[in-house]
Every structure is written in structure tokens, then in C-alpha cells.
Amino acid sequence: MMESLLAVARRTDPPDSLTAYYRRQLPELHRLERLIRKGEPRLQSSVLAEVCDGNLALPVYALTIGNPAPDAPVLLLSGGIHGVERIGTQLVLAQLRNLLSRLEWDQGLRQDLEHIRLVLCPLVNPVGMAHGWRSNGNGVDLMRNAPIDAEQPGPWLVSGHRISRWLPWYRGPREDPMQPEAQALCALVQSQISAAPFALSLDCHSGFGMRDRIWFPYAGNNRLFENAAEMHALTRLFERALPHHPYVIEPQFHQYRTHGDLWDYLYRIRRDKGPGLFMPLTLEMGSWLWVKKNLRQLTSFKGLFNPMVPHRHKRILRRHSLLLDFLIRATRSWQSWVPYDDDRRTHQRQAERRWAWPDRR
Ligand SMILES: [Zn+2]
């Protein structure tokens, strides 16, 4: 049962100041709570963690919709790990709103959700988003916070460091546990996919380059992950279904490498656990294109990561609907396209030709 933000906050602060806080700093959380109310009882919600902003306790919500059986295939959507990248959260919320409206009439979608479970964590880092920070409230970059070191780290600082919380890309102290937001996301992913025979995730970010990119592991070394054959099969399926799609699909290490990547960490845990396929994807929306089209965006930190012109904002929220629709179908029908035996070996060779880097890099 949902514990509303109002209820959480009443324990710490008068509702009046909370309403003002919402309006001013966190409309996304307000919108998320409205969607939770709209989606009940079909949409289940829970509070994974509460994180403090001064004397306010802000919830990190998880939502599930569809088949609750532990062995149902899973598609997981997340956003707002980097607080400044509001568009990631807004994209997940727009998709949720769209799904809830379609479920009122769309028999096909209803049938899809009888077979699969959608899991959403639209706003992982509410304190960061409230302040327009990349980091969480403790100054930690949650996407550098997993307890794994890169085997081949990228550029100094950007790849993650432990020098000071006042510098970007801070990993947090070595001896500390993961930050509450990162722990919450990891616990959610592990509990939702541990018995699933097939799981995909899409974590929505913005701010890198001119193109929209879909990344898969690894982020911490130059090797293709162990499910490159399956990733290649999924990519080919997507390219045939949507030949003019706008994405560059590649391993993250083609662009840069980092310590402490949460998806490398979660992928390895699931891989080592035994049977079951998990492919974590990251959508990196190419915000430099929006900046190029509106140079005024250069004058604000927020403007480097989010579309500021209303018509572009709407276009971006629409732009990824086909991808999300495809991922729902691919999850539902995973047994029709996941390759085995000779077919898998062929995809593996094609994946290596397309994505592998020679050792010297
Ligand atoms: Zn990001």
C-alpha cells in the first residue's frame, strides 16, 4: 500500500511548507504520486527508502504492474539516478501515464501484462533532483557507488574518485555501505529478477553527446559482457522492427569507463546466481543536440541535461515510446528470439565483429 509523501512528511514538517517545496523543487514526485493514485489497484506501489532533505523525508518509490509471479519475465524502468537529469524521470512518468491510459482499452497491452511484470523506479534520487544536483544529498554519484572497481578505468575524476564530496563523480568513502538510494535500487532489482527467466532494464539518463545511445555492459572494462550474443539478437530484432530508429546501440566502454557502475554490479550478481538472463540497458539521451539548437541552455547547469523549449520537451517524451513498446513486446516474447546452440554462436561472432575492441585499447 502506498505511503504518500504527505504522510511521510507530516511526521517531520507542516504540510504547507511541503506543498510549496513540491511546487518549487520537485513537481516530478508530485506527478508520480498522482499517477500512483490513478493506477491503483492495478498498479502496486511501495516505498523502498526515505531520504532526508533537511527535515523532510522524501520517498523512493517502486511500482509494479502486471504478472506478480516471481518467475514471470520482467521489464524494469528507472530514472533520476542523477538528480539533474530530470528528463529521465519525466520520460518514465510519461510512459507510465501512457500505459495507464492504454490499459483502459488496449486488450493487447492487457494480455502482455498478464505474461510479464513491469517494474518502475521513476525517481531514484529525489534529494538530488530537488536541488538540481547530479549527486545525492551526501554528494555521492550513485552511478559510481557500487562496490566494484573498474579493471580499466577511464579518465581520472570522471571515472569516479574518493577525494571529496565537493568534486563531481565522487564514489563515497571506501569503507561505507552503498548509499540508501543505490541500496534501494539494487534490492528492488535483485528481488524482482531473482527468479525471472528473462529480465531487461532500461535506466534513463541524459547529457552525453549529440546522439541518443543505448548502452549495455560493461562500463568498467573493455570486454563485451557474457550475453553479447543475446544483445546482438535483440539489437537485430529492433533494427528490423524499426529500421530508422535514432539510437546508437553499443557497450558503454565504447564511450567511457567508470568505477562502481550499478548495472555492471547487478548484472554480475544475476549472472553468478545461475540460470536466467538479465540484460541491463542504459538510455543516454543526447542532450548536446538540444543545447546546439538552443544555445541559451548553455547558461544553466540544468539546461545542459534537459530540454528547455516546451515543444522539444514534448517531442523528446514522445520520441522514445516506440522503444519502450518494443521492449515490452521483446520481454513478452523472449522465448521466440533468444538464440541457442548454433544460432547463439553465430550471434556471438556477429556481436564480436560489431562491438569488440582489440585488446590494445
Ligand atoms: Zn546520468
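**Entry 1: Asp-341**

I looked up Asp-341 and found it exposed, with a relative accessible area of 58%. The model is a predicted one, and I read every value below with that in mind. Asp-341 belongs to helix H14. Its phi is near 50°, a positive value, and the residue is not a glycine.

**Entry 2: Leu-157**

I then turned to Leu-157, another non-glycine residue, and noted a positive phi of about 70°. Is Leu-157 buried or exposed? I have it as buried, with a relative accessible area of 18%, which is under the 20% limit for that label. I placed Leu-157 in the loop between helix H6 (126–131) and helix H7 (180–193).

**Entry 3: Pro-177**

I stayed with the loop between H6 and H7, where Pro-177 is also found. Pro-177 counts as exposed, at 58% relative accessibility. I also checked the spacing between Pro-177 and Arg-223: their C-alpha atoms are separated by 27 Å, and the two residues are 46 apart along the chain.

**Entry 4: cis peptide bonds**

I went through the omega angles next. I located Pro-41 in the loop between helix H3 (27–39) and strand S1 (44–53). I found another cis bond between Pro-217 and Tyr-218, where omega is about 10°. In this case the second residue of the pair is Tyr-218, and I placed Tyr-218 in the loop that runs between strand S6 (212–216) and H8.

**Entry 5: H8 against H14**

For helix pairs I noted angle and distance, because two packed helices are described by the angle between their axes and the distance between the axes. At what angle do H8 and H14 pack? I noted about 80°, with the axes of H8 and H14 (residues 341–355) 8 Å apart. That angle makes H8 roughly perpendicular to H14, as the label covers 65 to 115 degrees. On the H8 side I listed the contact residues as Ala-228, Ala-229, Glu-230, Met-231, His-232, Ala-233, Thr-235, Arg-236 and Glu-239. On the H14 side they are Arg-344, His-347, Gln-348, Gln-350, Ala-351, Arg-354 and Trp-355. I sorted the contact of H8 with H14 by class and got six nonpolar, five polar and five charged residues.

**Entry 6: H8 against H12**

I kept H8 (residues 228–241) and moved to helix H12 (residues 321–332). The axes of H8 and H12 come within 11 Å and cross at roughly 125°, which makes H8 oblique to H12. I recorded the crossing of H8 and H12 as right-handed. H8 contributes Leu-234, Leu-237, Phe-238 and Ala-241 to the contact, and H12 contributes Leu-323, Phe-326 and Ala-330. What classes do the residues of the contact of H8 with H12 divide into? I counted seven nonpolar, no polar and no charged.

**Entry 7: the two sides of H11**

Last I looked at helix H11 (residues 310–319) and marked Arg-312, Ile-316 and Leu-317 as buried. I viewed H11 down its axis: the buried residues fall within an arc of 140°, so they line one face of the helix. On the other side of H11 I noted Pro-310, Lys-314 and Arg-318 as exposed.

Methods:
Residues numbered from 1 in each chain as written. Predicted model: local features only at pLDDT ≥ 70, side-chain atom pairs only at ≥ 80, totals over all residues. Heavy atoms only, no water. Axes fitted to C-alpha atoms, helices over the stretch in contact; angles between N-to-C directions. Helix = DSSP H or I, 4+ residues; strand = E, 2+ residues; numbered from the N terminus. Parallel < 35°, antiparallel > 145°, perpendicular 65-115°, else oblique. Left-handed = near helix turned anticlockwise from the far one by under 90°. Contact = heavy atoms within 4.5 Å. Nonpolar A, V, L, I, M, F, W, Y, C, P; charged D, E, K, R; others polar. Buried < 20%, exposed > 50% of the residue type's maximum accessible area, 1.4 Å probe, protein only. Arc of directions from axis to C-beta.
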